[in-house]
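Me: Please examine the structure shown here. The questions that follow concern aromatic rings and their surroundings.
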Amino acid sequence: MSHIRAFIFDLDGVITDTAEYHYLAWKRLADEEGLPFSRQDNDALRGVSRRESLLRLLKGRTLPEADMQAWMERKNAYYLDYLQGIGPDDVLHGVRDFLARCRAYNLRLGIGSASKNARLVVERLGLIEAFDVIGDGYSVVHSKPAPDLFIWVAGALRVPVQEAVVFEDAPAGVDAALAAGCWCVGLGTAQVQHAHLCYPSLAEVNLPELLSAVQAQLSRAG
Ligand code: BG6
Ligand code: MG
């Protein structure tokens, strides 16, 4: 019989909160280029790739490819500066304890992040040993909301997608998890209500309750 064998975690907004640094880096670029960019605009960039973020920031304006590349590199250099300041204290409340409890249930654990900096962030957080697989912005061509990344991570964990639960804080990530055929837990309030289950954060997830709720649905599905 099918049972849940793996948990796949988005990184930004689930394990740590780097959205503010992405915002500050894009804001610096936008200010230098005279483009309007607000915190509200930044909310629409959650979970989407660097290129898609730039396209949204440009709001329909077009740029030659060489400039697109140069702007993305500049934004990333600003973002990397901010990452210098992060460390183990930046793991979100309750996350270490949650990951330790997952191990007690023999679950395989993976990261599924759109970020090309995901491995660096996980290393700086001191969590590299906590995950069996890290899927990042280099793993697949089509990023969230396409299903590819979560299918890739589940495959690398050697678990069928329908036996994996994805934890996501962004609408694009929930869309990707559902399209992949995974179970999805939405975290926070950023329009994730279309996930199978929602909690305010990982710290509030009751692990036995979550596993039995998903298991009941799996058994019903045969
Ligand atoms: C996601 C973030 O995890 O990674 C997005 O939520 C970001 O805001 C995306 O744009 C890509 O990140 P990076 O580090 O490759 O520019
Ligand atoms: Mg996220």
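Me: Is phenylalanine 131 buried or exposed, and at what relative accessible area?
Reply: This is a predicted model, in which local features need pLDDT of at least 70, side-chain atom pairs count only at pLDDT 80 or more, and totals for chains, interfaces and linings use all residues. Buried means under 20% relative accessible area, exposed over 50% and partly exposed in between, with a 1.4 Å probe and protein chains only. Phenylalanine 131 is buried, its relative accessible area being 7%.

Me: How many aromatic pairs does a search of the whole structure find?
Reply: Side-chain values use heavy atoms, with hydrogens and water left out. Rings of Phe, Tyr and Trp (its six-membered ring) pair if their centres lie within 6.5 Å; planes under 30 degrees apart count as stacked, over 60 as edge-to-face and the rest as tilted. Searching the whole structure gives nine.

Me: Which geometry describes the rings of phenylalanine 7 and phenylalanine 167?
Reply: Both residues, phenylalanine 7 and phenylalanine 167, are buried. Their ring centres are 4.9 Å apart and the planes lie at 70°, so the pair is edge-to-face.

Me: Which geometry describes the rings of phenylalanine 9 and phenylalanine 131?
Reply: Phenylalanine 9 is buried, with a relative accessible area of 0%. The centres of the two rings, phenylalanine 9 and phenylalanine 131, are 6.1 Å apart with planes at 65°, so this pair is edge-to-face.

Me: Which residues form one aromatic cluster?
Reply: The cluster includes phenylalanine 7 and phenylalanine 167.

Note on methods: Residues numbered from 1 in each chain as written. Chains lettered and ligands numbered in written order.
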